[in-house]
Amino acid sequence: MFNKILIANRGEIACRVAATCRRLGIATVAVYSDADAGAKHVAACDEAVHIGGSAAAESYLRIERIIEAARATGAEAIHPGYGFLSENEDFASACEQAGIVFIGPPVEAIAAMGSKAAAKALMQAADVPLVPGYHGDDQDPALLQREADQIGYPVLLKASAGGGGKGMRVVDRHEDFAAALASCKREAAASFGNDRVLIEKYLTRPRHVEVQVFADRHGHTVYLFDRDCSVQRRHQKVLEEAPAPGLAAEVRRAMGEAAVAAARAVGYVGAGTVEFIMTGSGAFYFMEMNTRLQVEHPVTEMVTGLDLVEWQLRVAAGEPLPLRQDELTCTGHAIEARIYAEHPARGFLPSTGTLKHLRMPQGAAFTLGTAGERAAVRIDSGIREGDTITPFYDPMIAKLIVYGATRDEALARMKRALEACEVVGPHTNVEFLQRLVTSHPFMTGELDTGLIERHADSLFGAHDKPVREALALACAALLTREGGAPQGRSPWDALSHWRLNGAYTQKLAWRDPEGEAAFDVVFSRDGDTQTLHYGGKTEPYRWWRGEGAHEYGATIGDGGSEVRTTGRVFADGDVFHVFCNGAALAFEWQNLLAHAADAEHGEGRLTAPMPGKVIAVLVEPGAIVEKGAPLIVMEAMKMEHTIGAPAAGKVTEVLYGVGDQVADGAQLLVMEAQ
Ligand code: ADP
């Protein structure tokens with residue numbers, strides 16, 4: 001076994017690999033960029049080497065620099081994690097040339113699977129079933145169009161070098177093909193430096209089921225069962241689980257064996273995932289093989305009781321696989337939710353900023369390994385409170401993984417665990433995940449890749465929230481901040497108030513920081529009796545500070561109708577974030593003494609949804625456009641975002657050109673509504 005390895009990655013996966021190394025007594029070397037100087041993964045390793053600027057191209061993608069770091073620190077092997085250089089054949093061969101072990105498959109296997117198109121040709125030869133489509137070398141647009149016409153719409157365009165859903169475009173009609181092809185090629189070139197595409201028949205309501213495989217250098221290849229990753233947004237996985245629910249034992253075995261055949265066909269060694277797309281009838285087709293450890297590997301660890309990073313290290317060190325196929329077992333059920341800094345309701349746009357408050361559910365100790373002990377809740381995260389989500393890297397905050405004896409038990413645990421997640425700072429998908437895991441189709445295991453889109457109304461729409469209770473706590477926190485104990489006179493004195501018939505009356509105006517809603521709470525205090533007036537009701541109100549720093553409690557009503565609520569409140573300026581009854585709410589205090597915010601926003605103001613670069617300007621000043629017409633295309637985090645017209649009207653000014661870098665919220669164009 002190795003004495004020291006370098007981890008050529010960042011974030012949660014670098015921390016994850018370091019945890020196994022620590023357990024096995026292997027020393028670790030972290031690498032980091034400017035933006036990551038104080039990152040958790042640096043602290044998680046024994047040594048750290050600075051490798052360059054914040055942009056991935058200036059640090060985590062610099063092959064020479066990373067090899068040099070391994071040499072300088074005496075690391076015998078490099079674990080690439082996922083993303084960055086994990087599936088880069090040049091990197092694997094550079095390691096080989098430097099006499100450093102690449103903890104991953106042989107260069108040839110990466111090369112064979114690195115191009116989706118070439119992989120399909122290989123799989124065809126190995127009799128692994130494929131989706132109908134075109135994966136040829138000839139990339140003449142006219143030919144591609146003809147192929148698409150022949151396959152029949154809808155078709156799916158994919159970047160051959162792709163991953164993470166980037167570049168993928170569904171094309172419904174012949175007329176839309178050319179524009180989609182151009183956009184796919186642009187994104188593919190930007191993300192992968194290669195604009196080759198392939199075309200597939202777009203299957204309706206398919207499932208994404210994948211098989212974890214492992215191979216050693218001694219001719220053994222096994223499968224570690226399956227995972228269902230059908231719940232996706234923009235073709236990126238949101239929820240993953242093992243085993244895939246509802247598969248017949250024969251289908252499960254046939255998929256496992258097909259995955260092993262695929263791995264053998266390319267002389268695979270190490271951890272890999274063979275992804276299949278599955279129809280309602282249980283037919284499955286090869287999609288691609290990922291030649292690395294996957295983000296969702298923890299669910300497989302939970303049901304097999306194994307540590308896959310340990311297996312990777314053993315295989316890379318030349319040991320045989322620890323277990324044979326007939327010694328592997330799949331017990332219970334595990335589900336993973338990816339907690340992201342993003343705006344689900346705004347097309348899942350990434351969100352950035354400092355994590356001013358971060359509280360994750362209590363994870364049980366990470367005790368996987370030979371003993372097979374399983375954690376009921378596991379959190380894999382590379383981020384701590386106080387860290388910043390920057391636009392440079394993937395905005396994942398944490399992976400939340402739960403285990404249960406049955407799927408229902410795992411689901412119940414997931415629901416509770418999500419309720420315990422508290423994030424103040426960037427926007428997150430926590431509430432969206434809560435709705436998703438409690439949605440009827442997910443709970444009943446009716447999984448397919450269109451689940452989110454099909455249920456968009458209930459997943460994104462307005463939901464009942466404990467507004468009154470949360471307001472009662474927000475008011476308690478505000479009154480505390482503005483001065484004074486609950487029973488004292490000072491809270492009232494510190495705020496503007498007036499005297500009415502001998503009682504103090506105080507109005508606190510709140511608004512939804514993101515929407516239009518306003519909430520007025522009027523307190524009255526007559527002697528020791530306080531009342532709260534909200535939503536047309538006046539009720540007795542009591543509040544207090546809890547034991548912890550941010551804890552508050554309140555009762556509203558009295559006698560049989562008294563409602564008691566406790567929760568945590570974090571003030572970020574005048575925005576009060578309340579976590580209570582398993583929900584997160586935010587209210588902005590309208591400090592009437594301070595300057596009224598200038599709410600003047602001209603109609604048709606078009607602003608950048610996040611910092612990024614303008615990559616296409618589709619209109620000229622004077623253009624008359626329909627509502628929804630695409631106006632400008634921005635690129636941020638390697639993804640394209642099209643800014644559309646909010647209403648029909650005339651474009652009067654275009655403020656940026658192609659190549660311009662724009663700040664979050666910058667106005668891009670000026671329009672006059674019709
Ligand atoms: P990437 O490598 O970019 O993640 P994949 O080829 O793995 O791309 O596909 C990602 C997802 O896109 C799949 O999980 C599935 O939801 C969807 N998908 C891929 N191919 C098809 C297809 N032919 N028909 C329908 N959906 C597909």
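## Helix H1 and the residue after it

Just after helix H1, Gly-25 takes a positive phi of about 75 degrees; helices here are DSSP runs of H or I with at least four residues, strands are DSSP runs of E with at least two, and both are numbered from the N terminus. This is a predicted model, in which local features need pLDDT of at least 70 and side-chain atom pairs count only at pLDDT 80 or more, while totals for chains, interfaces and linings use all residues. Residues are numbered from 1 along each chain as its sequence is written, and side-chain values use heavy atoms, with hydrogens and water left out.

Helix H1 covers residues 11-24, and at 1.5 Å a residue its 14 residues should span 20 Å, which agrees with the 21 Å between its end C-alpha atoms; the expected span is 1.5 Å times one less than the number of residues. Of these 14 residues, 10 are buried, where buried means under 20% relative accessible area, exposed means over 50%, and partly exposed lies in between (1.4 Å probe, protein chains only). Among the buried residues of H1 are Gly-11, Ile-13, Arg-16 and Cys-21.

Of the 21 residues around the ligand, Lys-116, Gly-165, His-208, Gln-232 and Glu-288 come nearest, a residue being near if one of its heavy atoms lies within 4 Å. The residues of this shell divide into 7 nonpolar, 8 polar and 6 charged; Ala, Val, Leu, Ile, Met, Phe, Trp, Tyr, Cys and Pro count as nonpolar, Asp, Glu, Lys and Arg as charged, and the others, Gly among them, as polar. Strands S7 (155-159), S9 (197-201), S13 (270-278) and S14 (284-290) each supply at least two residues of the shell.

An N or O atom in the side chain of Lys-116 is 2.5 Å from an oxygen atom of the ligand, and a backbone N or O atom of Lys-201 lies 2.9 Å from a ligand nitrogen atom. Taken alone the ligand exposes 560 Å², of which the protein buries 96%, with areas computed by the Shrake-Rupley method with a 1.4 Å probe; for residues, only the protein chains shown count as cover.

Glu-539 has its place in strand S28 (residues 537-545), and Glu-539 counts as buried because its relative accessible area is 11%.

Lys-415, in helix H12 (residues 407-419), is partly exposed, with a relative accessible area of 39%. The C-alpha atoms of Lys-415 and Gly-582 are separated by 9.3 Å, although these residues are 167 residues apart along the chain.

Notes: Polar contact = N/O pair within 3.5 Å; in protein donor to acceptor, adjacent residues only side chain to side chain.
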